[in-house]
Amino acid sequence: MIFSKAFKDIGEVMFPPQCLGCAEILYPSAGQIFCQACSNEIRLITGRICPVCGTVFPDSPAPGHVCGDCLENKTYFSRARAVFRYETLILNAIHQFKYGRNISVGETLASFMAGFSFSDIDFPDYSLIIPVPLHIKRLRERGFNQSLILARALEKKHRIPVDFSVLKRKKFTTTQAGSNRNERKSNIKNAFEVRNCKNIAGKNIILVDDVYTTGVTVNECAKMLVMAGVQKVSVLTLARVLPN
Ligand SMILES: [Zn+2]
Ligand SMILES: [Zn+2]
């Protein structure tokens with residue numbers, strides 16, 4: 001332990017942590033990934049949102065107003081909520097985490113997510129947390145599942161167990177960036193399967209992913225879970241893409 005701490009300290013002297021936004025050196029660095037000025041630029045999801053998918057309405061419609069996407073597309077989750085707007089600084093941090101394999105950035109984001117108060121998520125209502133799985137090929141390539149790291153932080157904070165054995169990704173899909181909703185939908189169709197149905201029957205589940213883009217991935221997962229007997233699926237993501 002002492003050695004690993006000493007190495008960490010040496011590492012910090014030689015390569016002091018820098019703000020992911022502007023590269024300013026961070027003092028003190030513990031648990032920080034942005035300087036104060038950059039932190040102030042980061043926007044949380046606030047204001048009037050769709051009660052189902054959590055998109056932010058530009059104006060203030062009547063309470064309970066459901067967005068067009070949710071009216072047009074069947075959603076199998078009861079609500080989806082996110083912490084951050086998916087904008088440059090958060091996008092860069094998530095990319096550092098996922099593609100730069102920077103687990104400590106991931107853990108900082110995860111602990112912020114775990115401590116975030118989602119106004120209409122009552123954690124004691126849920127008995128299981130399930131991360132959106134990666135295909136085994138992708139898992140080997142990346143070395144970790146970013147959603148599992150987020151789920152672990154929620155597990156620790158809210159004392160709800162994580163189960164990553166229930167939902168499996170059986171279809172390898174290429175990256176979905178840039179594809180539209182229909183392309184994503186057909187790409188993701190039948191990509192998941194549920195195992196050990198008896199572990200989830202009748203339960204309320206929190207499904208965790210890093211980014212909510214169009215919602216087709218989490219909706220496909222929720223569909224499989226609901227078909228396997230889950231009572232209610234609520235989706236929590238670190239960030240959410242919002243229409244311009
Ligand atoms: Zn900065
Ligand atoms: Zn909606």
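In which strand does V208 lie?

Author: Bearing in mind that this is a predicted model, V208 is found in strand β5, which spans residues 204-212. Its relative accessibility is 0%, and because buried means under 20%, V208 counts as buried. Setting aside the neighbours within four places in sequence, the residues in contact with V208 are M113, I129, I130, P131, V132, S147, L150, A151, L154 and L236. One of these contacts, L150, is 58 residues away from V208 in sequence, yet the two C-alpha atoms are 7.2 Å apart in space.

Elsewhere in the chain, the zinc ion (ligand 2) is coordinated at 2.3 Å by the SG atoms of C50, C53, C67 and C70. The angles among these four donor atoms run from 104 to 114°, and the site is tetrahedral. Along the chain, the donors follow the spacing C-x2-C-x13-C-x2-C. C53 belongs to the loop between α2 (36-41) and α3 (68-72), whereas C70 sits in helix α3, so the pair ties together parts that are 17 residues apart in sequence. Both C53 and C70 are buried.

Turning to helix α4, which covers residues 88-98, the buried residues are L89, I90, A93, I94, F97 and K98. These residues cover an arc of only 160° around the axis, which puts them on the same side of α4. An α-helix has 3.6 residues a turn, so residues three or four places apart point the same way.

Key
Residues numbered from 1 in each chain as written. Chains lettered and ligands numbered in written order. Predicted model: local features only at pLDDT ≥ 70, side-chain atom pairs only at ≥ 80, totals over all residues. Heavy atoms only, no water. Buried < 20%, exposed > 50% of the residue type's maximum accessible area, 1.4 Å probe, protein only. Helix = DSSP H or I, 4+ residues; strand = E, 2+ residues; numbered from the N terminus. Arc of directions from axis to C-beta. Donors = N, O, S within 2.8 Å, 3.2 Å for Na, K, Ca; no water. Tetrahedral: all angles 85-135°; square planar, octahedral: opposite > 155°, others 65-115°. Contact = heavy atoms within 4.5 Å.
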